[in-house]
Amino acid sequence: MKSWKPGDSFIWLSGGALALALLMVFGLIALVVVNGASFFWPRDVEQFQLNDGRVVLGEITAREKIPQPNASHAPATHRIQIKRGNRDLYGTDFIWLNETDIQNTTAPRNALVIERVEWGNFYGIFQRLEIGGQTVSNDWKFVRARLARARKLTAQIHTVSRKDIGAINRAQERLRRELKRSESAELRADYAALQAQYQEQLATLASLRGQLTDVLVVSAAGHPEVRIPLADVVRMNHPNAMTAWRKCCFYAEKLWEFVSAEPRESNTEGGVFPAIYGTVLLVLLMSLIVTPLGVLAALYLREYARQGPIISAVRIAVNNLAGVPSIVYGVFGVAFFIYLGGGTIDQAFFSDRLPTPTFGTGGLLWASLTLALLTLPVVIVATEEGLAAIPPSTRAGALALGATKFETTWRVVLPAVTPAVLTGLILAMARAAGEVAPLMITGVVKLAPALPLDGVFPYLHLDRKFMHLGFHIYDVGFQSPNVDAARPMVYTTTILLLAVVLAFNLTAISIRARLRKKYSSTHL
Amino acid sequence: MTTELSLDLLADDTRMDLALATPIVEISNLSLFYGAKQALHDVTLNIPERHITAFIGPSGCGKSTLLRCLNRMNDLIDHVRISGRIAIRGHDIHDPQQDVTELRKRVGMVFQKSNPFPKSIYENIAFGPRILGTRDRATLDEIVERSLRAAALWDEVKDRLNESALGMSGGQQQRLCIGRALAVEPEILLMDEPCSALDPIATARIEDLMLELKQRYTIVIVTHNMQQAARMSDYTAFMYMGKLIEVGLTRKVFTTPLEQQTEDYITGRFG
């Protein structure tokens, strides 16, 4: 029989605290994953015959008890939320139905779901396909082939209008500014040539668009003939007739679209690729700025400065900086970096573009700098602790060999402290990737027209505004005009943000583990 | 008393005479203060070339401080003040013209606790030559092999030169530190209780190594171990309370000490 020792209660207490912490973390992750992961799965489309004769076609998205404050003994009744789409026809995407009003529910195998470029999903029944006003076919295989062709043409149009015409526009803009400075016939001729090219591309666009005459004719409740240009269709399916394998393919396709495509429909549809891109680039830039700055500051504090009350005060101040609300850093970023720094740069180098600001407005550079400032204390503190852990005898050993202070610091102390620096960087990156408030005022936007790193000289556009997963969550979840439709995106984007942070941390941890293995003891 | 007196006495020993004819280090009237506290009192001492000189004495007697004066490691401590003169081959090491890093290259040091850098075995040895400007890989390879052989470590580590030095045993680490000091070809090797953290077998290996090294280097060792001083060193200096009490041939100091304090310490009555 074991007796209860006095220390046991403490072990249970500490173990319980850990268990509670783990439970909360895993609960959070589970909530996000469960809500987010099912979003892309094609759900069955059901048709509801109502008592009043109306017919509603859509997916069930929620079910809740109808509150009845006055009649507490009455049998509970429920209502269901249906996503019936067809916003252009009915005005809203969602409808609530009382279960008592429903006469019967069926799942028609020919129920069609069309994902459109605009107006959200369409739920209805396929009628026929028309090309140039002529009914050509109602063979579904042929319609699918025409859709593939339309998607290809749309992609071509996208390339021409974004890339080719964009390049011409940039060249013209450059010439315009040169012409402003000095008039010359040569420049004028170049400009005219570009203008001709532009017209040529416009003609190409028109001819491409001319080939897109396919129109899908479908029907929905109360609307026997709805015409949808095939060019506006992203994908279409009969979810009730799909096999499990087809559903898996559909899921994978949607998932891939989510991480690789640009957003549509004010961010509630499509992908979040620009936001992933912006987040990763922002964190990388932040790391590039904060690491040297933090390490140098810590080296001075620990290796060079004479330890005394002033250095102690500086150290306390640095530690306290970690507790300053992040929005304060954002305000500082706006006032100091953007208005003062960016304004000065614009005056000096981009005066020909004024009053349109180039660097004098929020952008990637300023957001990175602001985040670097925000995470600086973390890196300094971690590095300082690492430096304190290096025995003084190691430094003495280098000095006794005739190394100068600088050589000792550079060749012995710095390599030895690298794992500690990485620890600081891991904490800094985790914080930076999750930070939203300071970014909202230093350069993050709801929808950025172009990526901050692309194939156009000078490749890395530090002045551009960018998208960010954290802000995307806020925007989609709370600023969207169609909150019900956007809610699942909040969870999926959250999963993605967690994955990005995890990827960063795992990379840094593996580098640190390798360094530790290289430098540290195995026997001692 | 102290030095002059013992010199007189030692003059009858021909071997000592020869050695003292070529002292490599001359310390005269050296006093050292840590702030207001005086740690060395007017020490005058010559250290003969290519012999082992041991500093013995109870803890806090100033022997390590004296040792650290020889390569000016005390410069790193705040509020240290030194008076008197230390000359190596006739050159005052406190001369303003003297480059401290250059001095430390000539006067190598091995510490009480082994302090290999958190780098590979190879990089530990190559550190000194590298900061002296040696870049050529072949030359570095040669220096590493020669230094590790000189430190009697080559056969044990030649197959794992790129592994961390911190993975070696304590004795190996200390020999690595000796090899690291030898890699920059010093004239004098200062050893501050190099065996105090080692087991008897590792200690024996270091002692064998020192006997070999004294053919080419001048060795100054601080030790708490009377037997070690008696077996290893050619000359012994006994210090007490920051003063040099007695210096002479080791066998004389240990068999017929001139001072009562020396005899008391050696026979274990205090210290």
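Which share of the contacts in chain A with a separation of 6 or more comes from residues 24 or more positions apart? Such residues account for 70% of those contacts, where two residues are in contact if their C-beta atoms, placed from the backbone, lie within 7 Å.

## Basis of the model

This is a predicted model, in which local features need pLDDT of at least 70 and side-chain atom pairs count only at pLDDT 80 or more, while totals for chains, interfaces and linings use all residues. Residues are numbered from 1 along each chain as its sequence is written, and chains are lettered from A and ligands numbered from 1 in the order in which they are written.

## Overall form of chain A

The secondary structure of chain A comes to 14 helices and 13 strands, the helices (H or I, at least four residues) and strands (E, at least two) being DSSP runs numbered from the N terminus. Chain A has a radius of gyration of 30 Å, well over the 24 Å that the globule rule gives for 524 residues, so it is more spread out than a compact globule; this radius is taken over C-alpha atoms, and the rule is 2.2 Å times the number of residues to the power 0.38. Along the principal axes, the C-alpha atoms of chain A fill a box of roughly 100 × 90 × 50 Å.

Domain 1 (46–125) and domain 2 (273–519) are given by the domain assignment of chain A, with bounds that come from an automatic or database assignment. The C-alpha centres of these two domains of chain A lie 48 Å apart.

Of the 524 residues of chain A, 28% count as buried; a residue is buried if 20 or more other C-beta atoms lie within 10 Å of its own, exposed if 12 or fewer, and partly exposed in between, with C-beta atoms placed from the backbone. Helix 1 of chain A reaches 42 Å from its first C-alpha to its last, close to the 44 Å expected at 1.5 Å a residue, the expected span being 1.5 Å times one less than the number of residues.

## Two residues in their surroundings

A:Leu147, in helix 3 (residues 140–181) of chain A, counts as buried, with 20 C-beta neighbours inside 10 Å. Leaving aside neighbours within four places in sequence, A:Leu147 is in contact with A:Leu230, A:Val233 and A:Met236.

A:Thr105, in strand 5 (residues 102–106) of chain A, is partly exposed, with 13 other C-beta atoms within 10 Å. Not counting residues up to four places away in sequence, A:Thr105 touches A:Glu46 and A:Phe48; A:Phe48 is 57 residues from A:Thr105 in sequence, yet 4.7 Å away in space, C-alpha to C-alpha.

## Contact with chain B

In the interface, 24 residues of chain A are in contact with 26 residues of chain B. Helix 10 (392–400), helix 11 (405–434) and helix 14 (483–519) of chain A each give two or more residues to the side of chain A that touches chain B, and helix 10 of chain A gives the most, with 7 residues.

## Nonpolar cores

A nonpolar core is a set of buried Ala, Val, Leu, Ile, Met, Phe, Trp, Tyr and Cys residues joined through C-beta atoms within 7 Å. The largest has 144 residues, and those with the most contacts inside it include A:Met429 and B:Leu189. Helix 9 (residues 364–389) of chain A gives the most to this core, with 16 residues.
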